[in-house]
Amino acid sequence: MGDFNAKVGTEKVDDIVGKHGLGIRNERVQNKFEALGDAEEVEQQWENFKSAIMEAATEVIPKVKRKAKQKWMTEEILILMEERRCVKGNKEKYEQIHKKVQEKCNMSKENWINEKCKEIEQQRKHAPQTMYRNIEEITGKRTFLSTGCIKAMNGDIIIDKEKILERWAEYIRELFKDDEKDHNIMKNNFAGPPIMKEEVETAIKKMKHGKATGPDNISVELIKALEDFRIGKVTHLLNEIYDTGQIPTDLSKSIFIALPKKPGATECELHRTISLMSHITKIQLKIIMLRIRNKIKPEIAEEQCGFVEDKETSNAIYILRTLIERALEVQKDVYLCFIDYTKTFDRVRHDEIITELKQLNIDAKKLRIIKTMYWEQTATMRI
């Protein structure tokens with residue numbers, strides 16, 4: 001991990017509708033892009049591309065204010081709640097409407113739960129995955145709010161915002177501490193096939209909708225809405241990055257968000273840190289991953305289930321349950337060993353990854369991008 005710049009991230013990404021139905025007109029983006037002129041530096045090319053998309057999006061796509069509500073709430077309830085808000089000064093009328101709101105809420109929630117239970121019963125045999133999702137929807141996922149304070153290394157409670165940020169910066173620097181040991185990549189031959197439009201199209205199609213954006217605020221929905229124009233410009237930009245090894249600042253920066261693992265968590269270790277990164281960066285990494293997949297796949301053990309295509313952790317759980325059932329039938333003992341590594345993926349030694357990839361004959365262009373993403377990445381902490 002490179003320099004860690006701690007900042008207070010109070011801003012929120014605008015809720016932008018990026019559906020194909022609205023779309024950004026290619027002509028408008030193209031005109032804005034051409035008005036900025038050609039640039040030689042990769043950083044300036046990226047800034048031109050970002051400016052053209054964001055300005056066109058601001059003009060063409062309306063912003064939508066989301067109204068937080070429970071899934072079982074109806075429009076009738078929302079109207080009543082608005083009426084209740086408007087008569088706060090009249091206690092008698094407020095109580096009447098409040099009582100009506102409570103009755104409607106209880107009835108609506110009960111009907112919604114009953115409908116969901118019927119769906120779960122029908123899905124039990126034919127659609128188990130959908131069934132589990134509906135069960136989670138009814139029971140609700142446990143979420144814990146931040147306490148607003150954090151413990152220093154010596155155990156003292158920190159309340160001051162700036163000192164909390166300093167503590168997070170200290171913790172994350174230590175967590176991602178990784179010395180760069182491999183300097184031989186830069187001496188290699190950087191010849192290799194350019195990124196094709198078809199590869200960019202495939203990577204964009206594999207991107208999921210509704211994901212939070214990185215520092216550039218450009219979502220994959222905005223990129224998809226550009227249609228044919230996006231392919232040429234995104235392909236050109238990715239090839240410039242691929243050929244030069246220079247990654248623009250926005251694309252090599254992440255925003256960290258800390259989520260408490262349990263209520264009242266004040267230690268940094270008891271938080272799960274998730275990283276928000278640019279969707280353009282994700283597209284580039286998907287392309288590289290698809291290119292090296294055939295060389296990496298034979299190296300993965302047959303027993304590996306998690307993080308492998310078409311082999312989920314549920315497969316391993318099923319095999320384990322079957323083994324235990326068979327052992328019980330023949331009255332044999334089963335010994336299991338569970339190993340829980342602390343921050344497993346955060347503490348991976350990246351120089352070892354580069355060494356392994358070199359041994360698999362991954363070309364220098366790909367290695368350079370991977371290496372740059374590991375050792376020249378910067379991050380911002382949002383609290």
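Helices (H or I, at least four residues) and strands (E, at least two) are DSSP runs, numbered from the N terminus.

This is a predicted model: local features need pLDDT of at least 70, side-chain atom pairs count only at pLDDT 80 or more, and totals for chains, interfaces and linings use all residues. Residues are numbered from 1 along each chain as its sequence is written, and side-chain values use heavy atoms, with hydrogens and water left out.

Eleven of the twelve residues of α13 are buried, so the helix is largely enclosed by the rest of the structure. Buried means under 20% relative accessible area, exposed over 50%, and partly exposed in between (1.4 Å probe, protein chains only). Among the buried residues are Leu367, Ile369, Ile370 and Trp375. Asp363 caps the N-terminal end: a side-chain oxygen lies 3.1 Å from the backbone nitrogen of Lys365. Asp363 also forms a salt bridge with Lys366 (2.3 Å, N to O). Lys366 counts as buried because its relative accessible area is 7%.

A salt bridge is a side-chain nitrogen of Lys or Arg within 4 Å of a carboxyl oxygen of Asp or Glu. The structure holds 15 of them. One joins Glu199 and Arg291 at 2.6 Å, N to O. That pair links distant parts of the chain: Glu199 sits in α7 (residues 197-206) and Arg291 in α10 (residues 279-296), 92 residues apart.

Glu119 and Lys116 meet at 3.9 Å, N to O. Both lie in α4 (residues 91-126), three residues apart, about one turn of the helix. Glu119 is partly exposed at 30% relative accessibility; Lys116 is buried at 12%.

Now the loops. Thr266 lies between β3 (253-260) and β4 (271-277). Thr266 is buried, with a relative accessible area of 12%. Beyond neighbours within four places in sequence, its contacts (heavy atoms within 4.5 Å) are Thr147, Cys149, Ile150, Lys151, Ile157 and His271.

Leu336 lies in the loop between α11 (313-329) and α12 (350-359). At 45% relative accessibility, Leu336 is partly exposed.

Of its 383 residues, 35% count as buried. Residues 24 or more positions apart account for 71% of the contacts with a separation of 6 or more.

Note on methods:
A polar contact is a pair of N or O atoms within 3.5 Å; within protein, one must be able to donate a hydrogen and the other to accept it, and residues adjacent in sequence count only if both atoms are side-chain atoms.
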